[in-house]
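Me: Hi, I've just opened this one and I'm new to it. Can you walk me through it?

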Amino acid sequence: MRKMENKTHEEASIINVSSLTCIDLANPNFHQSAASLKQACQDCGFFYVTNHGISEELRENAFAQSKKFFALPLEEKLKVLRNEKHQGYSPVLSQMSDNQIHGDFKESFFIGIEGSIDGGLHSHIPFCRPNIWPNPDVLPGWRDTMEKYHQEALRVCKAIARVLALALNVEEDYFDKPEMLRNPLAFMRLIHYEGMSDPSKGIYGCGPHSDFGMMTLLATDNVMGLQICKDKEVQPRKWEYVPPIKDAYIVNIGDLLERWSNGIFKSTLHRVLGNGQDRYSIALFLQPCHDCLVECLPTCQSENSPPNNVCLDIKLSNVQRT
């Protein structure tokens, strides 16, 4: 436990280090993993995954290339400034969560779904257009590394989705359907946090929020900063650090899966506090296909637990939450 400074009514006086469930994706007993995952998603919607199959070499290379980009002069990074599809570079303070006084003390680079302006597989889908990439003469091999990492991270998300399906008491391949995760919306963000945070003054590395989509796969360095609040209704809010674990990924479910599950699974409030150290992370945000109709799952409703109206007839909007 660690005592906080600058205590306010909104902040708890003690911050714990959270103990989260760890899901082994190589466990041959899928039903055992599903039971553990179900408990984790009912508790807080955050968990770790191990034995994911992403090589240490690829992960380290992705982080090294990310650091090279953020180390570029600002004028070079502004050449790939974020477009209307949210692809590209976002400077420090350019993003802000609800009820936040200042923008986030982070810069990021957003890689979306590759699409063609002139037509092609994803050309009709909102947010799909050719990605913005740094000059290959400035960062040779950068695009290739990021595309390989994106592909691997998406593979892991689909593997987690199969365990999630069993945890929701549907068939293991339920989310593999073409209208769900066959051609999903999978957005990747490289993030560099800097500076000191002070929640009492509304200063955050990333302000309190919950993620919009189905799930987020997060790789972090060894610098602490991510915190979760398991019950946002309790005042003062109690925040817990989520420590990085070597070779493990942090996963959290989003608002969409909470609605899909009729509120059985939790999309939890989280934030990032800076401590003066540079901190890097890579997040993959997974959403089903744009045309997917999200309805309360049959296994998540009963006579005593009817579908919540908010869970019905939900389609992904044309606005990507950032």
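Reply: One term to start with: two strands count as paired if DSSP finds at least two bridges between them. With that in hand, H209 stands opposite H270 in β13. Also, keep in mind that this is a predicted model.

Me: OK, how many bridges join β8 to β13, and which way do they run?

Reply: There are two bridges between β8, residues 206-209, and β13, and the strands run antiparallel.

Me: Let me zoom out. How many helices and strands does the chain have?

Reply: Six helices and 16 strands. The chain has 322 residues, and 53% of them count as buried. It exposes about 15100 Å², with carbon and sulfur atoms supplying 49% of that.

Me: In what order do the eight strands of the open sheet come?

Reply: The order is β3-β4-β12-β9-β14-β7-β6-β5, and the pairing is mixed. β3 (22-24) and β5 (88-90) are the edge strands, each pairing on one side only. From one strand to the next, the twist averages 25°.

Me: How far does α4 reach, end to end?

Reply: α4 has 26 residues and reaches 37 Å from its first C-alpha to its last, close to the 38 Å expected at 1.5 Å a residue. Just after α4, N169 takes a positive phi of about 65°.

Me: β14 keeps coming up. Is it buried or exposed?

Reply: Mostly covered: nine of its nine residues are buried. R279, S281, A283, F285 and Q287 point one way, while Y280, I282, L284 and L286 point the other way.

Me: Which strands does β14 pair with?

Reply: β7 is one of them, joined to β14 by nine bridges and running antiparallel. There, I191 has S281 as its bridge partner in β14. β9 also pairs with β14 in the antiparallel sense, over six bridges, and T216 has F285 as its bridge partner in β14.

Me: Switching to α1. Does its span come out at, or away from, what it should be?

Reply: It agrees. α1 has 14 residues (30-43), which at 1.5 Å a residue should span 20 Å, and its end C-alpha atoms are 20 Å apart.

Me: Which residues of α1 are buried?

Reply: S33, A34, L37, A40 and C41. They cover an arc of only 125° around the axis, so they sit on the same side of α1. In general, an α-helix has 3.6 residues a turn, so residues three or four places apart point the same way.

Me: And what covers them?

Reply: The cover for the buried residues of α1 includes β3, β4, α4 and β12. Just after α1, G45 takes a positive phi of about 75°.

Me: Last one: E107. Where does it lie, and why does it count as buried?

Reply: E107 lies in strand β6. Buried means under 20% relative accessible area, and E107 counts as buried because its relative accessible area is 4%.

Me: What does E107 touch?

Reply: Leaving out residues up to four places away in sequence, E107 touches F70, K77, Y89, S90, P91, V92, L190, I191 and H192. E107 and Y280 are 173 residues apart in sequence but 9.9 Å apart in space, C-alpha to C-alpha.

How values were computed
Residues are numbered from 1 along each chain as its sequence is written. This is a predicted model: local features need pLDDT of at least 70, side-chain atom pairs count only at pLDDT 80 or more; totals for chains, interfaces and linings use all residues. Side-chain values use heavy atoms; hydrogens and water are left out. Helices (H or I, at least four residues) and strands (E, at least two) are DSSP runs, numbered from the N terminus. Axes are lines fitted to C-alpha atoms, for helices over the stretch in contact, and angles run from 0 to 180 degrees between N-to-C directions. Buried means under 20% relative accessible area, exposed over 50%, partly exposed in between (1.4 Å probe, protein chains only). Accessible areas come from the Shrake-Rupley method with a 1.4 Å probe; for residues, only the protein chains shown count as cover. The expected span of a helix is 1.5 Å times one less than its number of residues. The arc is that of the directions from the helix axis to the C-beta atoms. Contact means heavy atoms within 4.5 Å.
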